[in-house]
Amino acid sequence: MADSWSWFPALAVGVSLLKCLFIGGYRSTDFEVHRNWLAITHSLPVSRWYHENTSEWTLDYPPLFAWFEFALSHAAQHFDSDMLVVEKLNYSSPAAVLFQRLSVIFTDLLFIFAARECCRCVQEQKGSRDVLNQPPFILAALLLWNFGLLIVDHIHFQYNGFLFGFLLLSVAKHLQSRHLQGALLFAVLLNLKHIYLYVAPAYGIYLLRSYCFTQDNKDGSVRWSSFSPLRLFTLAGIVVSVCTLSFGPFIVTGQLPQVLSRLFPFKRGLCHAYWAPNIWALYNVLDKSLTMLGVRLKLLDEAELPRASMTGGLVQEFQHSLLPSVSPFITLVCTLLAILPALASIWWRPRGARGFLRCLLLCALASFIFGWHVHEKAVLIAILPLRSANDMSSNISRCH
């Protein structure tokens, strides 16, 4: 087995060298976002992290990610200490650019390790000596060389590879039947970036059904008498412990409402400035089209219509001109209705890891299609599990 995996380091090193070529290239405003967060966490006391608003790019990730930025800032000061000054907005010296780019490449090591763990859960084709046709190689190449991640992290600039490393590693642990480790990794991930709440229902139902209930009936239905309270309390203890470590300091100092207001800014509006291609983008287009048609046919008075600003590229609340405006509650209901069939399926017929992967994928897609203020790059949460599910569904092996 060891000899047959000699190709994996070559894939990992190759993509890492490719990432280095992007160091001096284009970068988006998210580069300044993360530089500002480095400065906030390094220069200010914890009590001011979620209150600081010198820059428009305020800290709006969960506390564990703030501590991650805090750790990175101690390395950053050896490259350029000026990048850690909150007042130096839009600061991008060559040393600062080099550090931030290298920090993404370095933290991607977790993603590389997680990809390898997922590949270990895929069976090799017996009798085939062609590495290029082996399912583990195909999965590794498509994960490590994912073009979306290369664009978002190493051109646009973010740490999605680092975060997806936790997600893939968590999935791999569940495939290995190490459910407590998988739950711990996912709890940490949620406290690093709360967008992964999209797939939390899949985790919750899967663990409740396949871990807390230890036996099935002969027809595959749940055997209620096999419920283990100890297992449920253990899972709950893991989640509560991680959340306490993450949010504890802010709860003690009475800052929890302020933190939550940053994490869930519902006043940002239904759609992101750059629309995600989901149902609400179509809804906006329909509203705009009907309004224009009504004005041209002189059925509507343009002066009396509310100004629909969702096409202005700004992150803000807006009212639809003709169709009913959509509230966060409506998007939540639509999302829950969309994921209910998948959740019901893994409850009544779990189908093991295959069912879990498919449910996770459907939850991610449903949240992307119906969610509130969805970023266009959030589709990666569905794309990467889709790639894994496609290869693993027919080739899952016992990978303890």
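Reader: How many helices and strands in the chain?
Author: The secondary structure comes to 15 helices and 0 strands. Helices are DSSP runs of H or I with at least four residues, strands are E runs of at least two, and both are numbered from the N terminus.

Reader: What kind of model, and what are the ground rules?
Author: This is a predicted model: local features need pLDDT of at least 70, side-chain atom pairs count only at pLDDT 80 or more, and totals for chains, interfaces and linings use all residues. Residues are numbered from 1 along each chain as its sequence is written, and side-chain values use heavy atoms, with hydrogens and water left out.

Reader: How much of the chain is buried?
Author: Buried residues make up 50% of the 400 residues. Buried means under 20% relative accessible area, exposed means over 50%, and partly exposed is in between, with a 1.4 Å probe and protein chains only.

Reader: And what share of contacts join residues at least 24 apart?
Author: 72%, among contacts between residues at least 6 apart in sequence. Contact means heavy atoms within 4.5 Å.

Reader: Helix packing next. At what angle do α1 and α5 cross?
Author: Roughly 15°, with the axes of α1 (residues 7-20) and α5 (residues 135-144) coming within 10 Å. Axes are lines fitted to C-alpha atoms, for helices over the stretch in contact, and angles run from 0 to 180 degrees between N-to-C directions. The two helices, α1 and α5, are therefore roughly parallel to each other. The cut-offs are under 35 degrees for roughly parallel, over 145 for roughly antiparallel, 65 to 115 for roughly perpendicular, and oblique for the rest.

Reader: Is the crossing of α1 and α5 left-handed or right-handed?
Author: Right-handed. That is the case where the near helix is turned clockwise from the far one by less than a right angle; anticlockwise is left-handed.

Reader: Which residues meet there?
Author: On the α1 side, Trp 7, Phe 8, Leu 11, Ala 12 and Val 15; on the α5 side, Pro 136, Phe 137, Ala 140, Ala 141 and Leu 144. The residues of the α1 contact with α5 divide into 10 nonpolar, no polar and no charged. Ala, Val, Leu, Ile, Met, Phe, Trp, Tyr, Cys and Pro count as nonpolar, Asp, Glu, Lys and Arg as charged, and the others, Gly among them, as polar.

Reader: Switching to rings. How many aromatic pairs?
Author: A search of the whole structure finds 26. Rings of Phe, Tyr and Trp (its six-membered ring) pair if their centres lie within 6.5 Å; planes under 30 degrees apart are stacked, over 60 edge-to-face, and the rest tilted. One of the pairs is Trp 7 with Phe 137: edge-to-face, 5.2 Å centre to centre, 75° between the planes. Trp 7 is in α1 and Phe 137 in α5, 130 residues apart. Both Trp 7 and Phe 137 are buried.

Reader: Why is the Phe 164 and Tyr 196 pair edge-to-face?
Author: The ring centres of Phe 164 and Tyr 196 are 5.8 Å apart and the planes are at 85°, so the pair is edge-to-face. Phe 164 lies in helix α7 (residues 160-175) and Tyr 196 in the loop between α8 (179-190) and α9 (200-212), so the pair ties together parts 32 residues apart in sequence.

Reader: Which residues form a cluster through ring pairs?
Author: Phe 31, Trp 37, Tyr 61, Phe 65, Phe 68, Phe 157, Tyr 159, Phe 162 and Phe 166.

Reader: What is phi for Phe 157?
Author: Near 100°, a positive value in a residue other than glycine. Most residues other than glycine have a negative phi. Phe 157 is in helix α6 (residues 147-157). At 0% relative accessibility, Phe 157 counts as buried.

Reader: And Asn 90, buried or exposed?
Author: Exposed, at 59% relative accessibility. Asn 90 also has a positive phi, about 55°, and is found in the loop between α3 (63-76) and α4 (94-119).
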